[in-house]
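Okay, thanks for coming, everyone.

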Amino acid sequence: MYKWDFSSIWEFKELLVSGLGVTIAVAAASILTGLVAGVFNALGSLSSNRLIRVPCISLMEFFRCTPVLVALIWFYYALPILTGFEISALSAAFLGLSLYAAAFYSEIIRGGIVGIDPGQREAGEAIGMMPREIMKRIILPQAFRKMVPPLVNQSIINLKNTSLVSVLAVPDLLYQGKLIAHESYRPLEVYTAVALTYFAILFPLTLLVRHLESRFAVKH
């Protein structure tokens, strides 16, 4: 029978705390950046100008169809070769996660906008509203109700994806867990603690998604 001993990793608690801080910081930065980029990319993908629409759609589909781990490794190892500029592991992680998040946010936002009844836009045009006014006052407020739950859900996925940055030696929670497991010789306890830490952060967020899905549910 295996004897659990979490006390042996208590002396490394500072590493776990610092790793958690890095995880939250990377997640927050990539989510916010991805959300902003996703908004612009979604609007660009709906543009009537082909020179704007095609690159936006291509960017969105490329990252949606590419594993995030591949994107992280590409930015860290391949981008410096192509550009001639060195890039830190943290910067590569930020770029990869942000663009990956932007691709999915973009599709969620685009879908929310497209899902609004065309008659709403026509009604705005009928009373003389400009396209920007229609988007701002009619389309987006209604689309927002549909977007919120999937946007929060995607943010949860993005936070879980931060665990992949450990392959680039970014000192996140999982990477620090690996170091502690190596030093303490208690991998079962260490990875259990890491898993429980992720669960403690993510489970309340999943409950929030359920609440938002109920609150913003479209009533027919």
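**Helix packing and salt bridges**

So, α2 crosses α4 in a left-handed way (the near helix is turned anticlockwise from the far one by less than a right angle). Helices here are DSSP runs of H or I, at least four residues, numbered from the N terminus. Quick caveat: this is a predicted model, where local features need pLDDT of at least 70, side-chain atom pairs count only at pLDDT 80 or more, and totals for chains, interfaces and linings use all residues. Residues are numbered from 1 along each chain as its sequence is written, and side-chain values use heavy atoms, with hydrogens and water left out.

Who makes the contact (heavy atoms within 4.5 Å)? From α2 we have Met60, Phe63 and Arg64, and from α4 Leu99, Tyr100, Ala103, Phe104, Ser106 and Glu107.

Now salt bridges, meaning a side-chain nitrogen of Lys or Arg within 4 Å of a carboxyl oxygen of Asp or Glu. The whole structure has 4 of them. One pairs Glu61 with Arg64 at 3.3 Å, N to O; both sit in α2, 3 residues apart, about one turn of the helix. Glu61 is partly exposed at 31% relative accessibility (that's the range between buried, under 20%, and exposed, over 50%, with a 1.4 Å probe and protein chains only). Arg64 is partly exposed too, with a relative accessible area of 31%.

Over in α4, Arg110 and Glu107 are also 3 residues apart, about one turn, and their closest N and O atoms are 2.8 Å apart in a salt bridge. Arg110 is partly exposed, at 24%.

Note on methods. Helices (H or I, at least four residues) and strands (E, at least two) are DSSP runs, numbered from the N terminus. Contact means heavy atoms within 4.5 Å.
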